[in-house]
Amino acid sequence: ICCAFSDKKCLEGYESKKEWLKKEFANGYVFRRLDARAKVFIEYVPAEYAWLPVTALNYLMLIVLVSGQYKGQGHGYNLLQFVIEDAKKQQKNGLVTVVGTKKNHFMSDNEMVAAT
C-alpha cells in the first residue's frame with residue numbers, strides 16, 4: 001500500500017486496499033514497515049485467512065516482503081525474523097509462502113526459499 005501513496009493514478013486502488021485492510025486486520029493481518037521513507041515492508045496473515053491457494057492450518061502466510069533500494073542491507077532478513085518471532089508467540093507451526101520462477105503479484109521469487 002505504501003507504494004501507491006504518491007501516485008495519483010493509483011488513488012482508486014489505494015482507497016480500495018485501505019477498506020480491504022480494515023477488514024483483514026480483524027483476521028490477524030499484519031503490515032509491518034521499516035521506519036524509513038522507503039519500500040521496506042512485510043505483510044502476513046494466518047494462513048487460514050490467506051487469499052492465496054494454500055491449505056496450511058496453524059501457519060502464518062507471508063504475502064509480501066519488499067526491500068526496494070535498501071535490498072541487500074539485511075532489512076528483509078530483519079523483517080522475516082520479526083515474523084518468525086511472531087509465529088512463535090502465536091504458537092504457529094511455521095511460515096508459508098507461494099514462490100515461483102517468474103515475478104507475479106501473488107508470488108515471492110524463489111530466492112525466498114533459499115533465505116528461509
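**Contacts and layout**

I began with the contacts in this predicted model. Among contacts in the protein with a separation of 6 or more, 42% join residues 24 or more positions apart. I then listed the secondary structure and found three helices and six strands. Read from the N terminus, the order of elements is α-β-β-β-α-β-β-β-α.

Of its 116 residues, 32% are buried. The exposed surface comes to about 7,800 Å², and carbon and sulfur atoms supply 51% of that area.

**Confidence**

I checked how far the model can be read. The average pLDDT of the protein is 77, and 72% of the residues score at least 70. By element, β4 has the highest confidence, at 92, and helix α3 (residues 111–115) has the lowest, at a mean of 47. Over residues 112–116 the pLDDT stays under 50, and the model gives this stretch six contacts beyond four places in sequence. Where pLDDT is low, the predicted coordinates should not be read in detail.

**Nonpolar cores**

I asked which residues make up the largest nonpolar core. There are ten: Leu21, Tyr29, Val45, Ala47, Ala50, Leu52, Ala56, Met61, Ile63 and Val98. In soluble globular proteins, nonpolar side chains tend to be buried together.

Ala87 sits in helix α2 (residues 75–89). Its relative accessibility is 5%, so Ala87 counts as buried, the cut-off being under 20%. Leaving aside neighbours within four places in sequence, Ala87 is in contact with Leu60, Lys92 and Leu95.

**Two positive phi values**

Asn58 has a phi near 70°, which is positive although the residue is not glycine. Asn58 is in the loop between β2 (41–46) and β3 (59–66). Asn58 counts as partly exposed because its relative accessibility is 27%. I also noted a C-alpha separation of 9.2 Å between Asn58 and Ala87, which are 29 residues apart along the chain.

Gln91 likewise has a positive phi, near 55°, and is not glycine. Where is Gln91 placed? Gln91 lies in the loop between α2 and β4 (94–96). At 66% relative accessibility, Gln91 counts as exposed, since the cut-off is over 50%.

**Aromatic rings**

I counted the aromatic pairs and got three. One of them is Trp20 with Tyr29, an edge-to-face pair with ring centres 5.4 Å apart and 80° between the planes. Are the two partners buried or exposed? Trp20 is partly exposed, because its relative accessible area is 27%. Tyr29 is buried, because its relative accessibility is 3%. Trp20, Phe25 and Tyr29 together form one aromatic cluster.

I also looked at charges over rings. Arg32 lies over the face of Phe82, at 3.7 Å from the ring centre.

I ended with Lys71, which is in the loop between β3 and α2. Lys71 counts as exposed because its relative accessible area is 57%. What is the C-alpha to C-alpha distance between Lys71 and Val40? The distance is 8.5 Å, for two residues that are 31 apart in sequence.

How values were computed
Residues are numbered from 1 along each chain as its sequence is written. Side-chain values use heavy atoms; hydrogens and water are left out. A nonpolar core is a set of buried Ala, Val, Leu, Ile, Met, Phe, Trp, Tyr and Cys residues joined through side-chain atoms within 4.5 Å. Buried means under 20% relative accessible area, exposed over 50%, partly exposed in between (1.4 Å probe, protein chains only). Helices (H or I, at least four residues) and strands (E, at least two) are DSSP runs, numbered from the N terminus. Contact means heavy atoms within 4.5 Å. pLDDT is the predictor's confidence in each residue, from 0 to 100. Rings of Phe, Tyr and Trp (its six-membered ring) pair if their centres lie within 6.5 Å; planes under 30 degrees apart count as stacked, over 60 as edge-to-face and the rest as tilted. A charge sits over a ring if NZ of Lys or CZ of Arg is within 6 Å of the ring centre and within 35 degrees of the ring normal. Accessible areas come from the Shrake-Rupley method with a 1.4 Å probe; for residues, only the protein chains shown count as cover.
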